[in-house]
Protein chains: 6
Amino acid sequence: MRVDNRKFDELREVKITRNYLMHPYGSVLMEVGNTKVICTAMIDDKVPPFLKGSNIGWITAEYSMLPGATVMRKVRDAARGRIDGRTHEIQRFIGRTLRSVVDLSRLGEKTIWIDCDVIQADGGTRTAAITGSFVALVDALYKLYNSGQIGSIPISDYVAAVSVGIADMGPVLDLCYEEDHKALVDMNVAMTDKGQFIEVQGTGENSTFSRIELNTLLDLAEKGNKELINAQKIALGSIGKLIEENKIDLGEDYEK
Amino acid sequence: MRVDNRKFDELREVKITRNYLMHPYGSVLMEVGNTKVICTAMIDDKVPPFLKGSNIGWITAEYSMLPGATVMRKVRDAARGRIDGRTHEIQRFIGRTLRSVVDLSRLGEKTIWIDCDVIQADGGTRTAAITGSFVALVDALYKLYNSGQIGSIPISDYVAAVSVGIADMGPVLDLCYEEDHKALVDMNVAMTDKGQFIEVQGTGENSTFSRIELNTLLDLAEKGNKELINAQKIALGSIGKLIEENKIDLGEDYEK
Amino acid sequence: MRVDNRKFDELREVKITRNYLMHPYGSVLMEVGNTKVICTAMIDDKVPPFLKGSNIGWITAEYSMLPGATVMRKVRDAARGRIDGRTHEIQRFIGRTLRSVVDLSRLGEKTIWIDCDVIQADGGTRTAAITGSFVALVDALYKLYNSGQIGSIPISDYVAAVSVGIADMGPVLDLCYEEDHKALVDMNVAMTDKGQFIEVQGTGENSTFSRIELNTLLDLAEKGNKELINAQKIALGSIGKLIEENKIDLGEDYEK
Amino acid sequence: MRVDNRKFDELREVKITRNYLMHPYGSVLMEVGNTKVICTAMIDDKVPPFLKGSNIGWITAEYSMLPGATVMRKVRDAARGRIDGRTHEIQRFIGRTLRSVVDLSRLGEKTIWIDCDVIQADGGTRTAAITGSFVALVDALYKLYNSGQIGSIPISDYVAAVSVGIADMGPVLDLCYEEDHKALVDMNVAMTDKGQFIEVQGTGENSTFSRIELNTLLDLAEKGNKELINAQKIALGSIGKLIEENKIDLGEDYEK
Amino acid sequence: MRVDNRKFDELREVKITRNYLMHPYGSVLMEVGNTKVICTAMIDDKVPPFLKGSNIGWITAEYSMLPGATVMRKVRDAARGRIDGRTHEIQRFIGRTLRSVVDLSRLGEKTIWIDCDVIQADGGTRTAAITGSFVALVDALYKLYNSGQIGSIPISDYVAAVSVGIADMGPVLDLCYEEDHKALVDMNVAMTDKGQFIEVQGTGENSTFSRIELNTLLDLAEKGNKELINAQKIALGSIGKLIEENKIDLGEDYEK
Amino acid sequence: MRVDNRKFDELREVKITRNYLMHPYGSVLMEVGNTKVICTAMIDDKVPPFLKGSNIGWITAEYSMLPGATVMRKVRDAARGRIDGRTHEIQRFIGRTLRSVVDLSRLGEKTIWIDCDVIQADGGTRTAAITGSFVALVDALYKLYNSGQIGSIPISDYVAAVSVGIADMGPVLDLCYEEDHKALVDMNVAMTDKGQFIEVQGTGENSTFSRIELNTLLDLAEKGNKELINAQKIALGSIGKLIEENKIDLGEDYEK
């Protein structure tokens, strides 16, 4: 049995609280077990230099942990004067994943800033950040759409992400910190509702893994992401419906 | 009448949620109206260089705002590579205020890290940070005391802080962002339960103020801090009692 | 008696040397006892981004200490790659204070850079910086006025600042380093010639203070600032007269 | 046909020049087509703080591109004052991969610094860096072994890495810059001689990919890495033999 | 005899490899004995702010050492977050030297970026950087000329640089690291083919030197630079001829 | 005639004020015409890492300009977060020059910090900094000697520095800003009282210079430095005598 009595292919409890903060266009408190991440989506009317004049938008993500999110106090990047490598890696991952399901050319010259701030960490913070940010992003796009700033919601599909890994007891889904810490293999997988992969990042932690193990991990990730997308659908309710229609009409187009 | 229908000497609703996070020794969600600050207190077994070998402890504070806490997204200090002047000013204020009621020589060579992260800002974030941090600090000291790491709770008195200012309608207590933004004079006052001042910071914002106005503002601050300390006492319950006894026995001593 | 034989309400010797340097529009060597600060005012034809196109000017201040100004060599901010918190706090204080008596809308889109470089420190450097900078600022504005770049001198009143505090012997005016170092309460007060307050910053240094003590300190500050403004008037001579007329005609207006 | 007339599953020409520089313990010029990377391995007798006193060693990697390596001059990280996110991501990838086949406990308290400097870039620089660094690492460990500083060569297996991706024409092995630039999916795969995976990093570049496509890409990566490891074996000659024996005797052990 | 059996006035073997990299306009591998520097010249269509609208071009140089270039690994400037003083000094030297023989007004508003990356260091890296960069610069200017981007090659003369110094055995030419390390006096001299000086930088390393010694060193530098310029002429072949004609026609003019 | 009516070989007025500040061991206000530099020497009981345990001391120099020292306000290095290349170059020059006449092994494990802060700039700031710092250094060493912290004053000779250059009217001594700004050749020369050279830094500013011109410049520099050293001798009075004796007894020794 796992440390928290879950089955090997069982997610922790997932809780998605929309409109968590009053100021941002979209804001979500994403909880996966004890991992809690505030995800916000805010709109900026500027784009990065490489897109100026292109009529194409951009989505960028930043990720951070509160000093009190972990057992040992995490020194602030601001106090150290620079963003550490792990943070860079994670925020690039989040940004790429969300951009892959948004038709940026239908956004116009806007930047959507995604901010993921981990207020409590217990493993899987980057994947919780993606799953929660997607919901905040949809809320922000919906407000843009509703206020006539964009003509349609330019999302081709749902996106969620989950961690899988090889623990003492073998391959498991959604590792908590205690499991993650000791895992031989650690993999983060972002997927769409159609079952397509957006990102697969698997690493042997001072270890290696076989093709067979890789396949088992991918099976677990498919199961987990399907359940997470289901939670997103429930949280989004009728707004989610718009995406699902969109998915058929626009996504097809977009993927060509 | 004020924008939110309060009387000139009325605080916004105060809510203190203890044990808000699972990892820190002390953690509080401090809410004053729509202003929400996560305050944590964590223990480090090292002290700054100037205290090494002195057997004296230290309390230091850091303050930050989530990018999504404000209407316009706040650029992260970490992304800019340096902490801005306002943040410096605030975290020095918080640290000084808390240190003034703690007998650091009874702490031993430990540093208590206070972290104040504003998740939603609506004026008065620095004073909410002080009022909330005090409760997190007490919880942390109580755990140290309870586990035998310190022999007594080295606090001489309660501390709260409140903002007062001169708005269009005259002097008011506890300004929300809309009021603060337009105030002619802005003052932050930190006080103890005994009614002593710890810090008074008053500034004419492109304006000046008379001695009479100053006195009115100080009266309002006294009223506000008394109510905030009452809320701290209710939140701390029986642990607070320990401080009150302490206040009599140890505080006297300490203030000499 | 105080360490330097002064009475409790006695300023150190004040010396204001105008036109100390050849290049800046205004430059002052401000001496208060052994504390010596070079204060300069220089004109830049740009304004910060938030004022572009507004036809409003700006005043900004920077403060620094030479490494040789103190007993222990002060490491340069440039060598450490960042400005420390204390410096941030002080330069914000100087800038706010000077801006509060200048009608920036009559300056046009210009920035006045105030630079305060402490060449010798013996307590009260930030207040000496304000008192000296005001004189450099007047000289710079007078040159702008004289050369037709502005139509009037947009100053509504004199400004000086002084430190007061509670030392061993009780409340005292204008603390030297040895007194400041051991003071229980330390307060910096900036005032106008009309006796209005611009900024009050009082801090219990590991201590607290009563309302009565606060009032005594404010009395001392009023006395000290009156004398400092007198020294400014003598130093400025006939130029100062222009401000005094201005104070009546324009200041009234400005303060509305 | 591909832009350079290769078959879809064909590597570019691979050239491994050992002892390329005179000072480092190991140094390799790694060439894969027009991509050229100088890989060095240098020994430091210190370990990072978290390993002090543990008798365990460490391997860390840094990666950089010369400004002249690319068509558009790449601004130096040093000139910008910080390492960019892509560089962070890459050097963490290189370090993890090499550490996964080294028994750090047999190294003693030493750090091996791997430096990968791209002097000419034409796609696949990070994977060329891994494949070349492995050879430099073996040379460095062999010198440590030969001079009696370590008792055995603590490597459990060969490591190489290759990029695969989905180009216009479908899945291809070892993308050059022109292909990489337009690829819909981009994947970097690090493997051992035994066919185990160390790291799989696949990303849909504004696109997604199916499980079937993922499998085809992994097949290509297995083929490519087998050929790259063959080139390493030829380059290392008799020293490589030591690893192969090691692989049987020590690797088994190590993987438990 | 010298450590490498050279005579006191003998250069090490000089090797200039043109077109060393595929992307830059000009690229040279400059070898002087074991010192190896990659020198590239790249074109940017922007100029620094102080030249905007002037129709004048600019040449700027950057210098760096690979971590593996020296016996003790050199920490990257990027990792330390700032460029060290020695690097600043060297890159300013390279830029000034090259600019002194180029008529920037005939370049138009272009910046030529010179990058000198030392891949192996054995003394004299900054002078090798200048000698090699000159060749890369000529190649870049020739390509600009050949493609009609500039009307003539705006170079007034060849430039080379060499180090001389006072070693144990007395004054010597072209010091290798072992000699340089122990030299009492170290001097770098940049000269033109006409025998004019561009830069003379002589330093007593914890020592001093007489006017007579200075003269002997300058004699050696003249001899060395003549030989280096000869090597440049051979390397440049027919392109060099263009400079020599230019030297007569345009240089005269230019030097007025 | 020169802009300020000097002869081509005439220094500006030189004024050396010792004991300018109260805290440092040595402090000098060095004035050369309108150029004014505060030079201080402070003692630190630590040495840089490379000297720990060697029983050898160190001298290091920092140089800076006040923002108000120049016509156009100079942005502070601290505000930009890094020291610029010119400053690096200058402070390395000052440090090397002073170290060359001090027997660091007789200093013990102390660092002498030399700080040169230009309060008013009119050309020749770096050479004035050296000439003034030497006097501050002697004062500091004398205090160390007098208080028994060192057994003798470990200086082998006087050091001064002067700028020479080729202006419109030909070679001139001690250029003021207006001359320096337009000079074709600019040279800084540091020398000892014995007429030995410590550093020669000559640069063609977009120009070149002949061996004959170089010789004329060196003649001027010799004359200027002799006069500056004379001014140092007068300023130091009887303390200078100690150096002159020292020069005979210890210097001889030291230079071997």
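Which residue of chain B comes closest to the rotation axis? In this predicted model, for which local features need pLDDT of at least 70, side-chain atom pairs count only at pLDDT 80 or more and totals for chains, interfaces and linings use all residues, residues are numbered from 1 along each chain as its sequence is written. Chains are lettered from A and ligands numbered from 1 in the order in which they are written, and side-chain values use heavy atoms, with hydrogens and water left out.

Chain B can be laid on chain A with an RMSD of 0.0 Å by a turn of 180 degrees and a shift of 0.0 Å along the axis, the superposition being by least squares on the C-alpha atoms of residues with pLDDT of at least 70 in both copies. That is the relation of a two-fold axis. Ala78(B) is the residue of chain B that comes closest to this rotation axis, its C-alpha lying at 1.9 Å. Of the interface residues of chain B, 100% are also interface residues in chain A, so the copies meet through the same surface.

The contact (heavy atoms within 4.5 Å) takes 32 residues from chain B and 32 residues from chain A. Between them the two chains bury about 2,700 Å², of which 60% is on carbon and sulfur atoms; buried area here is the accessible area (1.4 Å probe) that two parts lose on being put together, summed over both. In chain B, the residues that lose the most area to chain A are His23(B), Arg73(B) and Arg76(B), which together account for 22% of what that side buries.

Ten salt bridges (a side-chain nitrogen of Lys or Arg within 4 Å of a carboxyl oxygen of Asp or Glu) are counted between chain B and chain A. One of them joins Asp115(B) to Arg76(A), with the closest N and O atoms 2.8 Å apart. Among the elements that give two or more residues to the side of chain B that touches chain A are strand 3 (35-44), strand 4 (58-65) and strand 5 (111-120) of chain B, helices (H or I, at least four residues) and strands (E, at least two) being DSSP runs numbered from the N terminus. Strand 5 of chain B gives the most to that side, with six residues.

Elsewhere, no contact joins chain A and chain F, whose closest C-alpha atoms lie 11 Å apart. Chain D and chain F are likewise not joined by any contact, their closest C-alpha atoms lying 9 Å apart.
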